Amino acid sequence: MRIALHWKILIGMVAGLVFGYLMKNIGQSELVADWVKPFGTIFINLLKMIAVPLIVVSLINGLADLKDISKLSKLGGRTIVLYLFTTICAVSLGLLLANVVSPGSYINEESRQSLLTNFAGDAAQKIQLAESAKNQGPLQPLVDIVPENVFFAMTDNASMLQVILFAILIGIGLILIDPEKAAPVSNFFKGFNDVILKIIDIIMMAAPIGVFALMAALMVEIPDFTTLQALLVYALTVVLGLLIMIFILYPALLIIFAKVSPKRFFSAIMPAQLLAFSTSSSAATLPVTMERVTEHLGVDEEVSSFVLPLGATVNMDGTSLYQAVAAIFIAQAMGMELDLATQLMIIVTATLASIGSAAVPSAGMVMLVIVLGQAGIPEAGLALIFAIDRPLDMIRTMVNVTSDATVAAIVAKSVNKLHDPADLPELR
């Protein structure tokens, strides 16, 4: 009996958690760190290795097939509008839940002082990174989109927007030149795209092992429950918001605008969701997200090759919701009351900050410093949430990937590029 990929990954996750828990309790955490965790790191590196070539090839391939620049502007406009809409929904939901639950009121003075002391160094490091970002000027993010050297940009997954811009320019060039001259270049990228997709299939054969190693390492590195207990209400508030996004907002959008059933959607993208949960990296998950959305959900490559790489860079719904809840939690824990105007500005700042978040683990912590500073909340309060950040980062990355796939399906439906399930290969 052939086991579906998402079940293999799930089994690897559970086995890794159990193994890590046992090793931690018998005092063998160092063994896991030295001999198990490296296999998880190798797996993530394999996915990141293929991410940039996949973006370049699939985006050029998809744009060349458009054969009309007006189609690109329509695709881009609808994608940006939907990404902004889901991000604003996420921030607003986070603020609503944080105000209703009031998680900051559940943390006592002893726990507050302990967390502020124990994680002051980590908080200071993130604050310093945020300060360097703030000192670069308001238009620096726009400047950063244009690379000085595209080959250098391709060596850094954090420079994904630069790579996307380069690929878009090549795709536009192929649309504008004579079709006969463009054909050999387009055929090269089509063949290269098939090769990369096959490499992704090969890498995914190691997914259960990689996920096992990542989960085992997480279990031995996570702080003791006594440290996390004070943050339990905060964590549950964030998780509740993230689950509402995954199981209520996105399915509703899919049913209304894409006419896609939640069952079909989750069956198609579950391996990408589990991988996002395991790696905490949208960039590392991108190759799998593109493969699942294209081959199993039925989104045409013309759409997925544009929407998904862009989403992995600028669409961070999970991060946005977390930033909203974290800002209110820290303010409440510090005894501060935030008025309506300040909370509305949090929506604006968190939306813009999520666009600037790199698609790598814990980048949202750096952007949260900017959100806190804008709202007048002491940035040192960041230390209050460090202990619980890693597990929450896993769930919010899963939300980010789910959001990207949702928008891809809706955009594809709007331009008649969402294929019927009967035309898809059997779900693996």
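Predicted model: local features only at pLDDT ≥ 70, side-chain atom pairs only at ≥ 80, totals over all residues.
Let me start with R396, which forms a salt bridge with D393, the closest N and O atoms being 3.3 Å apart, where a salt bridge is defined as a side-chain nitrogen of Lys or Arg within 4 Å of a carboxyl oxygen of Asp or Glu. Both residues lie in helix 20, three residues apart, which is about one turn of the helix; helices here are DSSP runs of H or I with at least four residues, and strands are runs of E with at least two, numbered from the N terminus. R396 counts as buried at 1% relative accessibility, and D393 is buried as well, with a relative accessible area of 4%. For those labels, buried means under 20% relative accessible area, exposed means over 50%, and partly exposed is what falls in between, with a 1.4 Å probe and protein chains only. The pair is also part of a network of salt bridges that links D389, D393 and R396.

Residues are numbered from 1 along each chain as its sequence is written, and side-chain values use heavy atoms, with hydrogens and water left out.

R112 counts as buried, at 15% relative accessibility, whereas E109 is partly exposed at 46%.

The other salt bridge joins the side chains of K417 and E302, at 3.5 Å from N to O. K417 lies in the segment after helix 20 (386–414) and E302 in helix 16 (residues 301–314), so this pair ties together parts that are 115 residues apart in sequence. K417 is partly exposed, with a relative accessible area of 26%, while E302 counts as buried at 11%.

Turning to helix packing, the axes of helix 3 (residues 37–66) and helix 9 (residues 160–176) come within 8 Å and cross at roughly 30°, the axes being lines fitted to C-alpha atoms, for helices over the stretch in contact, with angles running from 0 to 180 degrees between N-to-C directions. Helix 3 and helix 9 are therefore roughly parallel to each other, since angles under 35 degrees count as roughly parallel, over 145 as roughly antiparallel, 65 to 115 as roughly perpendicular and the rest as oblique.

Now for the backbone: most residues other than glycine have a negative phi. S102, although not a glycine, has a positive phi of about 55°, and S102 lies in the loop between helix 4 (69–101) and helix 5 (109–118). K259 also has a positive phi, near 55°, and its place is in the loop between helix 13 (232–258) and helix 14 (262–279). K259 is exposed, with a relative accessible area of 60%.

V14 is partly exposed, with a relative accessible area of 48%.
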